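Open the model in your viewer and keep the sequence panel beside it. The stops below say what to select and what is there.

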Amino acid sequence: MKFKPPIPHEHGAWAMLYAPMLIAILALGRFELAVVLFLIATTAIFLAHEPLAVLVKLNPNRPSSPQIFRASKWWLAIYCAIAMAATMPLLLHYERWLLAPFGVVLLALLSTHIYLASKREERTISGEFLGVISLTLTAPSAYYVLTGKLDMFCLLLWGLNIVYFTSSIFYVKMRVSRFAKKKDADALTWQCLGYHVLLAAGIGALMWMNWITGVAALAFLPVILRTFAGLKKEKGKLNLKRIGIAETVYTLLFVIFLAWGLGASTLVLLRS
């Protein structure tokens, strides 16, 4: 039996997991042991999703299935044990009891995603959006771990991360469908354009209401501009690796500008 740990290979998923958490930490300007424990617990839960998905998708008629089944159960137990070991101090010592409801919500989201995976529907827009909601939950969770508070800023932080990472779902599907000249290419193009027009309008409205600063709004500018640039006709082979690298760069800029732009707003909200 192979004991190689199952690790998700979707680089975008790792970014969605850690970027929101990093934004919360940088915006607050605090880094404590509680965050390290939360990081360990979150990573373990994320890793546990992989062997669980394998168990759900496993074909019992394959000759290698019994070995894969045992290995997946083994790693699922290890990851769950690590998650529990890191979570207990947060509950008992730091008294972050509201992490329990967060866990219930996350469990519901992951269960739905696993169900979609069993039906091979996790790559649909709705399936990927569910993944975005689940992974970006690290933003409000990290905020709560550091402050012990759940407030409007907490929800704003989560919402901004959700709408940012949802952008890549529409963009990548548009690029792939246009290059492959699929039947739904026009529909996906209009969906992508419509989403980003609404995104720009929404960010503008948040600025007008003084919920975010101009610097925070700049965090969304690269993905809005890249959407319109992506409307040009593809020449040659579609380079998904290059698209992935570009998305990583955009995410890095998103982290920097959003954390910078929200820092001042956070101090005001915490003092109110």
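A polar contact is a pair of N or O atoms within 3.5 Å, and within protein one of them must be able to donate a hydrogen and the other to accept it. Keep in mind throughout that this is a predicted model.

**Stop one: His196**

Select His196, which is found in helix H8, residues 185-208. Which side chain makes a polar contact with the side chain of His196? The partner is Ser167, and the two side chains are 2.6 Å apart at this contact. Now show the surroundings of His196. Leaving aside neighbours within four places in sequence, His196 is in contact with Ser167, Val223, Ile224, Arg226 and Thr227. Is His196 buried or exposed? His196 counts as buried because its relative accessibility is 0%, and the cut-off for buried is under 20%.

**Stop two: helices H5 and H7**

Next select residues 125-135, helix H5, together with residues 152-180, helix H7. Two packed helices are described by the angle between their axes and the distance between the axes. Here the axes come within 9 Å and cross at roughly 150°. Angles over 145 degrees count as roughly antiparallel, so H5 and H7 are roughly antiparallel to each other. The crossing of H5 past H7 is right-handed.

To see the contact itself, show side chains on both helices. On H5, pick Ile125, Glu128, Phe129, Val132 and Ile133. On H7, pick Trp158, Ile162, Phe165, Thr166, Ile169, Phe170 and Lys173. Colour the selection by residue class: the contact of H5 with H7 has nine nonpolar residues, one polar residue and two charged residues.

**Stop three: Thr112**

Move to Thr112 in helix H4, residues 99-118. Thr112 has a relative accessible area of 38% and is therefore partly exposed.

**Stop four: Pro6**

Finish at Pro6, in the segment before helix H1, which spans 11-28. What is the relative accessibility of Pro6? The value is 18%, so Pro6 counts as buried. Set aside the neighbours within four places in sequence, and the contacts of Pro6 are Leu47, Glu50, Pro51, Trp75 and Tyr79. Pro6 and Leu76 are 70 residues apart in sequence, while their C-alpha atoms are 9.2 Å apart in space.

Terms used
Residues are numbered from 1 along each chain as its sequence is written. This is a predicted model: local features need pLDDT of at least 70, side-chain atom pairs count only at pLDDT 80 or more; totals for chains, interfaces and linings use all residues. Side-chain values use heavy atoms; hydrogens and water are left out. Helices (H or I, at least four residues) and strands (E, at least two) are DSSP runs, numbered from the N terminus. Buried means under 20% relative accessible area, exposed over 50%, partly exposed in between (1.4 Å probe, protein chains only). Contact means heavy atoms within 4.5 Å. Axes are lines fitted to C-alpha atoms, for helices over the stretch in contact, and angles run from 0 to 180 degrees between N-to-C directions. Angles under 35 degrees count as roughly parallel, over 145 as roughly antiparallel, 65 to 115 as roughly perpendicular and the rest as oblique. A crossing is left-handed if the near helix is turned anticlockwise from the far one by less than a right angle, and right-handed if clockwise. Ala, Val, Leu, Ile, Met, Phe, Trp, Tyr, Cys and Pro count as nonpolar, Asp, Glu, Lys and Arg as charged, and the others, Gly among them, as polar.
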